[in-house]
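Please keep the sequence and the coordinates at hand while reading.

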Amino acid sequence: MDSSTNSLDDASADGSADFPDRPSMIEVRLQAQEDEITLLKSSLADALRRIRLHDQLLPLLKQQLIAVNPGAARVLNQVCCSDGCTGSKRLPSSSTVDGIRHPTTSQLSDSIVTNANGHIGSPVSMTPRPRPATLDRSTQTEPTLPGQGTGQDRVPLPRRVQSLQLEDALPSGEPVVEGTRAKLHRVPGLEEEYEEEDEEGGGEQEKALSWTSSVEEPIQPTTIRCLQREDFQDRSCSPEEPGSVPATVRTSDSNLSSRSGPLSPIQEGEKKPLVRRNSEKLGNLEKQRKRLDKKAASSANLLTRSPSLENRAKELVAGAGSPGSRRGTYSQEQSIKMFIRGRPITMYIPSNIQNYEDLKMEQPSERLELDWVYGYRGRDCRANLYFLPTGEALFFIACVVVLYHINNRTQRHYDKHTDCVRCLTLHPDKVRVASGQTAGVDKDGKPLHPCVHIWDSTTLVTLQTIGLGTFQRGVGSVAFSFADSGAFLCVIDDSNEHMLSVWDCNKGTKHAEVKSTNEAVFAVEFNSSDSTNIITCGKSHVYFWTLSAGQFTKKQGIFGKYKKPKFIQCFVFSLTGDVLTGDSEGNILTWGKSAADVKTLGKGAKETFQIMRQTRAHEGSVFTLCTLQGGALLSGGGKDRKIIRWSADLAPERECEIPENYGAVRTIADVYGEELLVGTTRNAILRGTFSDGFVAIVQGHVDEMWGLATHPSQNIFITCGHDRQVCLWNTEEHKLDWCITLEEYGLCADFCPNGSVVSVGLNTGRWMALDLLTREVVSESTDGNEQLSVMRYSPDGSFLAVGSHDNFIYIYNVTESGRRYTRFGKCNGHSSFITHLDWSKDGKYIMSNSGDYEILYWDIAAGCKLLRNRFESKDREWASYTCVLGFHVIGVWLEGSDGTDINALCRSHSERMVAVADDFCKVHLFQYPCPKPKAPSHKYEGHGSHVTNVCFTHSDSHLLSMGGKDTCILQWRVVGGGAGDSRERLASASSTSTSSPEPAST
């Protein structure tokens, strides 16, 4: 235990620079110490078993002693009774002699004796022969419980006794016959264990003592062989070998032999009484016996739960001594151990790896390029859709600002933001763009400051980064000035005071700043004719700001006789300079300046902004207002989903209603003539006119997504999420083929290998198989009442595995081309919910992961049987690799990972690379396999939330990744790469590393 602990300390010191996560390091060390405690407990269980063994041998030994001389029984009873009654009475010490010892629990052949130096000598002959009689002061007694007697009364024996000589049992004056001697002695190695128990019990309860006997006199060979056979059958220890005697024995015996020689004679008629070594009081023998029995049972249960403690000890020592990562350690038993939240996970090294330590991990030759972005953020953002003179629609989702050419159906992307984009505005020159992002945290929990990027929409080059370290929480609204050709930028952040600041766009410096309000702010704009006037609106307020000499003055809009709405959602400037606002009551309010009311307010009264006119526009909120050339106005409604065109004097001219499945109108952008772009609250962008209606050109999910699967032979994929939608997408045409709405929300999906059916697992334990062409449900079933987390068809499509949060994997037989399912069996063995699973290439085995970081293997063909020996699965080939825990993907885990940092991974069909979806909004691309910690990777940003799933298309030409709360699907193009598969590369790396002694640099 000490050496292992020291090794752990050394490993901690060596790896401190590379392992800054102190809590994780402490968890690792605590786990290592728990493993050592487990080993010690197993040793204690073995010792207790040996004690019970000697307890059973004691009656035979006592009978043998009495057979030598019947007077021994009287002496034993006198000594035991005397010491057991008085407790503290000390007997005189015996003489100092040396002698021969016969430990009965260590005999394999006729007899084994111990010489004066404590080594084991040659077997004793079975023929009677005289021997020199010796006196002995042996300190090696074996403490055991008294065994079962044969009709004799059991008497408590003193615990600490040095020796019992045969002459003590002889009548007074009777000489000792040479060659006949008996003694009781302590068995080496057990005294220390009892001393530890004494300390544990406070020394208040005395442990019972039993005896083993060495009888040195002519004994019938049949008797000896009988004893030896019974002893050898019961004991678990192998016979002692020379040199195996404990050091305490050798030291004691060698000191004695230096004075008296190998054998010392016993003086005739001399009697040596027994001596108690300590003066502890004897406790209740029956109570102690029960206590030891309880300990033995507890330790036996421990051994039952940990059947391979010896192997665990070897792994522990190997792991503790590793100078590398504390998370991944290598042992000589060809296995690698990694730690997650302090829990060791052992994975066995495949046979084709000759030298694991020298494997070189490199970045994959393939790379990813962002090809397409599916979705639009309209559910909680305003004024985030513009039309550029280049024919591109400008909008954002997640961390990406998308420039989508509505005619050519191509996309460009501005991807310099480090977290979710929250607001967007277009410069008066129609080229420059300002986009603000929210605050975030990196993988180490450090805050990422919000900021505003000013960039060129033609070159996608960042021109200015404004407010880095100034804004709090995020940027809620931005606006360019108009009167001075966009020289200034106004920003409102998401702090409690919603700080209003004005910045010089060219210099990137702050011009002025003021606290606006503690209420929510929805919009900000410069007056189109005066850059010193700024208007803000939000919850129950409209503020008119004036900027002069770097100072702001504020005037609040007065509602007067009109009902004050709960929210002012939006506003625009009319051609006459008036301010038009849309509110939550469905009204359009016209605001204007009023002269100061000197009569009522006195000489100090100032002009005010009051409502000049109220126009009823929509049922429900007015979410957006858009001015057109010529002074016309467009308004978009919430509850009624209407778009209404108004004349310059606010007379309604035309209106239309968008389909219900797209949600309410969030924002409107003018295109050409009568053509419009409409952003909706259900994350869709529509294109159309009042006369021809509107069609969706951009669609997406509206809630968190988890289910993702790609077709086995076509360039299509399916997604499902918490919005209860199941969507089929086309990766070539970049569009939504179809979408259906379910009663419950989907969490997982997989295509049948024939490609005609897709199965979707729901949150209620129900799953269904859908026909891709008709979208009809061809089969459905329910497994448990908890959510399903993974659906996986076998390679030949004959089985379907359904992983559930009820800890089971349900197996179904699949017939009729994926349209008929019958229950085949259930995999029962995980102690937590199923997270991932994969089929072997032959379709007979399953590898699965669970929420408590288990890796289990199942023999499906044998009736869903759990394979206890995971070593047997180390060379098995898998048809897919999505399990986040496994030997081939150890390197994807970062230092200090807590087990939930990686949500999903997917191996390419070429088996050359593996893509990883993590909890820090990143997509990683690793070389496959990557079985060593700290494997290098390509890292890609774009998602604004945890990445929930990744999947390669059937040809590995693209990778798809899904965000969680950002409702975004990113399609990445795979570029680069060379020939050869993973097995060739791994074999080459293994053979190269074998011939090179230098360590690999990763």
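Q: In this predicted model, how many bridges join strand 23 to strand 24?
A: Strand 24 covers residues 551–556 and runs antiparallel to strand 23. In this pairing L547 has F552 in strand 24 as its bridge partner. The number of bridges joining strand 23 to strand 24 is six.

Q: Which residue in the turn between strand 23 and strand 24 has a positive phi?
A: Strand 23 and strand 24 form a hairpin, with two residues between them. Most residues other than glycine have a negative phi. In this turn a positive phi of about 55° belongs to A549.

Q: Why is strand 23 described as largely enclosed by the rest of the structure?
A: A residue counts as buried when its relative accessible area is under 20%. Strand 23 spans residues 541–548, and the description as largely enclosed holds because, of its eight residues, the number buried is six.

Q: What is the bridge partner of T590 in strand 28?
A: Strand 27, residues 587–594, is joined to strand 28 by eight bridges, and the two run antiparallel. Within strand 28, the bridge partner of T590 is R613.

Q: Is T425 buried or exposed?
A: T425 is found in strand 11, residues 421–426. Leaving aside neighbours within four places in sequence, T425 is in contact with Y386, V433, A434, V478, A479, F480 and L489. Because its relative accessibility is 6%, and the cut-off for this class is under 20%, T425 counts as buried.

Q: What is the value of omega for the cis peptide bond that joins Y928 and P929?
A: Most peptide bonds are trans. The bond between Y928 and P929 is cis, and P929 lies in the loop between strand 55 (922–927) and strand 56 (937–941). For this bond omega is about -5°.

Q: What is the phi of R341?
A: R341 is found in the loop between strand 4 (335–340) and strand 5 (343–348). The phi is positive although the residue is other than glycine, with a value near 55°.

Q: What is the relative accessible area of S817?
A: S817 lies in the loop between strand 47 (808–815) and strand 48 (820–828), and its phi is positive, near 55°. S817 is classed as partly exposed because its relative accessible area is 47%.

Q: How many disulfides does the count come to?
A: A disulfide is a covalent bond between the sulfur atoms of two cysteines. The rule asks for a pair of cysteine sulfur atoms within 2.5 Å, and by this rule the count of disulfides comes to zero.

Terms used. Residues numbered from 1 in each chain as written. Predicted model: local features only at pLDDT ≥ 70, side-chain atom pairs only at ≥ 80, totals over all residues. Heavy atoms only, no water. Helix = DSSP H or I, 4+ residues; strand = E, 2+ residues; numbered from the N terminus. Buried < 20%, exposed > 50% of the residue type's maximum accessible area, 1.4 Å probe, protein only. Contact = heavy atoms within 4.5 Å. Pairing = 2+ DSSP bridges.
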